[in-house]
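Please work through the following exercises on how two chains pack against each other. Each task is followed by a solution in steps.

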Amino acid sequence: MNASLAIFFVLAAVAVAAAVSLILQRHPIHSALSLIVVMVALAGLYLLMGAEFVAAVQIIVYGGAVMVLFVFVIMLLNAGEEEHTNFSKLAAYAGIPMAVAVAGLIAAAITRSTLPPAPDPTALTSTKSLSMLLFQDFVYPFELTSFLILVAILGAIVLAQREDN
Amino acid sequence: MIPTNYYLILSAILFGLGMIAFVFKRNIITIFMAIELMLNAVNLAFVAFSKAFGKSDGEVFVLFVIVVAAAEAAVGLGIIILTARNRRSLNVERVDLLKL
């Protein structure tokens with residue numbers, strides 16, 4: 001068992017444990033902190049695969065911006081522990097089999113498929129080649145995302161402002 | 001080296017856990033976080049495929065997914081604030097105006 005495989009298993013275990021913790025925690029702020037751990041572990045996995053730019057963006061945008069937004073809203077709304085309701089039983093009987101079935105189906109399809117052997121970190125796609133691709137082949141989608149963000153900003157402002165009648 | 005399948009199976013596990021959280025949680029903010037978890041699982045699969053096939057296209061898709069997730073978070077949290085203000089609760093089962 002070589003070093004990179006050991007690192008993979010450690011990071012994967014951290015990610016899965018934090019995801020389980022997201023489900024088990026009753027307070028939303030604890031769930032949010034668990035989700036941050038998942039995102040940092042995934043950033044480590046991206047680094048392990050040699051996708052260093054994606055890892056940096058994952059930390060900055062997901063672990064930073066998006067999660068700060070979540071924590072801010074949780075504190076703004078003073079969200080407490082979630083309450084139990086009768087419908088949780090229905091979710092237990094229908095939800096877990098469904099999720100296990102979906103994950104199992106995906107895993108079964110993956111194990112049957114014949115993929116190219118392994119991600120090779122030595123064949124490191126540099127940030128330069130990534131930016132070439134982004135600004136040449138994908139330049140129209142890239143420009144569209146700026147429009148999408150503009151619409152999202154406007155939508156968030158319109159939704160969150162108080163109506164003064 | 002690490003086989004691509006390991007990454008894909010981890011991605012499937014995280015997606016399943018996100019799905020369980022989506023079905024189980026009663027707090028609307030936590031449900032939203034479950035969606036983010038599923039998006040992250042898909043991103044992991046994208047990067048793994050990108051590395052397996054030796055093309056950077058998958059990593060560009062990941063950047064787009066992150067952008068869309070950020071926009072979705074901004075609008076979604078705006079809707080959550082509005083719902084919480086009107087309903088005085090974050091429990092999704094209190095939002096049942098369309099229910100018979």
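The exercises below concern a predicted model.

**Exercise 1.** Identify residues that make the contact between H2(A) and H2(B), and describe the contact by class.

*Solution.* Step 1: on H2(A), the contributors include Leu35(A), Val38(A), Met39(A), Leu42(A) and Tyr46(A).
Step 1: on H2(B), they include Met33(B), Glu36(B), Leu37(B), Leu44(B) and Lys51(B).
Step 2: sorted by class, this helix contact has 15 nonpolar, 3 polar and 2 charged residues.

**Exercise 2.** Describe the side of chain B that touches chain A.

*Solution.* Step 1: count the residues. In chain B, 62 residues are in contact with 72 residues of chain A.
Step 1: assign them to elements. Helix H1 (4-24), H2 and helix H3 (57-87) of chain B each give two or more residues to this side, and H3(B) supplies the largest share, 22 residues.
Step 2: sort by class. This side of chain B has 45 nonpolar, 10 polar and 7 charged residues.

**Exercise 3.** State how chain A is divided into domains and what separates their centres.

*Solution.* Step 1: domain 1 of chain A consists of 3-79 + 91-122, and domain 2 of 126-165.
Step 1: taken over C-alpha atoms, the centres of domain 1 and domain 2 of chain A are separated by 24 Å.

Notes
Residues are numbered from 1 along each chain as its sequence is written. Chains are lettered from A and ligands numbered from 1 in the order in which they are written. This is a predicted model: local features need pLDDT of at least 70, side-chain atom pairs count only at pLDDT 80 or more; totals for chains, interfaces and linings use all residues. Two residues are in contact if their C-beta atoms, placed from the backbone, lie within 7 Å. Helices (H or I, at least four residues) and strands (E, at least two) are DSSP runs, numbered from the N terminus. Ala, Val, Leu, Ile, Met, Phe, Trp, Tyr, Cys and Pro count as nonpolar, Asp, Glu, Lys and Arg as charged, and the others, Gly among them, as polar. Domain bounds come from an automatic or database domain assignment.
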